[in-house]
Amino acid sequence: MNLKSPSNTALLYRSLEAQASQHPVRAIRLAGGRPEPLGLLLIDDGLPAAEVASALAGLRCAELARAAKLGGEASGQSAAARAEDSCQVTVEERAQLWRQPQKTSRAAGMAG
Amino acid sequence: MTATIRRSPKIICISSGKGGVGKTSFSVNVAEALSQKGKAVLLIDGDLGLANVDVVLGLNVRHTSRETIEEGRELASSLVTINPRFHVLPASSGVPEMANLSYEEQALLISRLEEIIDRFDYVLIDTAAGIGDSVLWFNTWSQENIVILTPDPTSLTDAYALIKVLHTRHDRKRFHLLINSVQSKKEGQDIFANMSMVLQRFLKITPLTLGAMPQDKNVSLAIRQQRPFLLNAPESKASQAIVAVAERLVAL
């Protein structure tokens, strides 16, 4: 059995994105010519763009150069597609929406 | 000669994103509650091709908003009187064309509505489910936007998506959240707090709370009997909650 099948890595990336939403980091998908993402970058939220770009420039990948542009444009989508998707509920938003509140005692009925 | 009272109504849109979360039951009962407080209310069935308001009220309607669009019929002649202060503009059922009005037809309907709404203190619109055209333009026509959601993740996601579309593409900023079918007051508070946090974090929106409606068997019983639960079971928890909602709306 191939433990590193494309479906497993996609699940891994989604899981990491969901975890990242709990922390002050940006999760940037690396996209290329394939349907599935090439990878995932987790970068501290507060870092200046220039510093990030400098660090990424040392990596040998053309898709990473696009990823160095902070502002959520590292997905490789066209500008038109991004505009069209601007209302799409993101992975981060969904993760927050689905957070379970702390278990509370289920008191009968509505108080007051 | 009787002078016609001209009002400046508050137009309130009731949407949810997800279907089946209790929009129509809520709309009917809050309209009844407002009328019991002496307010003149028009409830518009905004689900133009799959009417539900008339079903929940057990009405046999002769004319709907469809005749206004297709035949130029006066809207006032299509209104149904529920009580002297509560009127309904019914929609049609099983008419896909009404669910996909052209821009000109939308404009016609809105202009005809604006000819009659000054008879009312409140105009409530029970929209269709989803984020289709009619949902969006009814919401942008309104002054206040109510979004109904339940604790189910599908409802939370769809309600958020609806708000995101209305805010991002139509610059709506003021949303009143009503949490339906909660098992406890705490659950309602938790759901509102989390949704509020997500809206503030990602959309910079601070929602307002309309409170929460409890799970109450009187609600489904009343729907099956095609009567408002406020009339069927006025002492029930659901009725107490809907009266509280009406009071919050009056205070807006």
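## A helix pair in chain B

H6(B) passes H7(B) in a right-handed crossing, a term used when the near helix is turned clockwise from the far one by less than a right angle. Helices here are DSSP runs of H or I with at least four residues, strands are runs of E with at least two, and both are numbered from the N terminus. Two packed helices are described by the angle between their axes and the distance between the axes. For H6(B) and H7(B) the angle is about 35° and the axes lie 12 Å apart, where axes are lines fitted to C-alpha atoms over the stretch in contact and angles run from 0 to 180 degrees between N-to-C directions.

On the H6(B) side, the residues that meet H7(B) are Leu156(B), Tyr160(B), Ile163(B), Lys164(B) and His167(B), and their partners in H7(B) are Met195(B), Val198(B), Leu199(B) and Leu203(B). Two residues are in contact if their C-beta atoms, placed from the backbone, lie within 7 Å. The residues of this contact divide into seven nonpolar, one polar and one charged; Ala, Val, Leu, Ile, Met, Phe, Trp, Tyr, Cys and Pro count as nonpolar, Asp, Glu, Lys and Arg as charged, and the others, Gly among them, as polar.

## The model and its confidence

This is a predicted model, in which local features need pLDDT of at least 70 and side-chain atom pairs count only at pLDDT 80 or more, whereas totals for chains, interfaces and linings use all residues. Residues are numbered from 1 along each chain as its sequence is written, and chains are lettered from A and ligands numbered from 1 in the order in which they are written. Chain B averages a pLDDT (the predictor's confidence in each residue, from 0 to 100) of 94, and 98% of its residues score at least 70. The model scores ipTM 0.87 and pTM 0.74.

## The nonpolar core

The largest nonpolar core has 73 residues, and Leu43(B) and Leu124(B) are among those with the most contacts inside it. Such a core is a set of buried Ala, Val, Leu, Ile, Met, Phe, Trp, Tyr and Cys residues joined through C-beta atoms within 7 Å, and a residue is buried if 20 or more other C-beta atoms lie within 10 Å of its own. H6(B) gives the most to this core, with eight residues.

## Where the chains meet

In the contact between the chains, 21 residues of chain B face 16 residues of chain A. H6(B) gives the most to the side of chain B that touches chain A, with nine residues.

Technical notes:
Buried ≥ 20, exposed ≤ 12 C-beta atoms within 10 Å, placed from the backbone.
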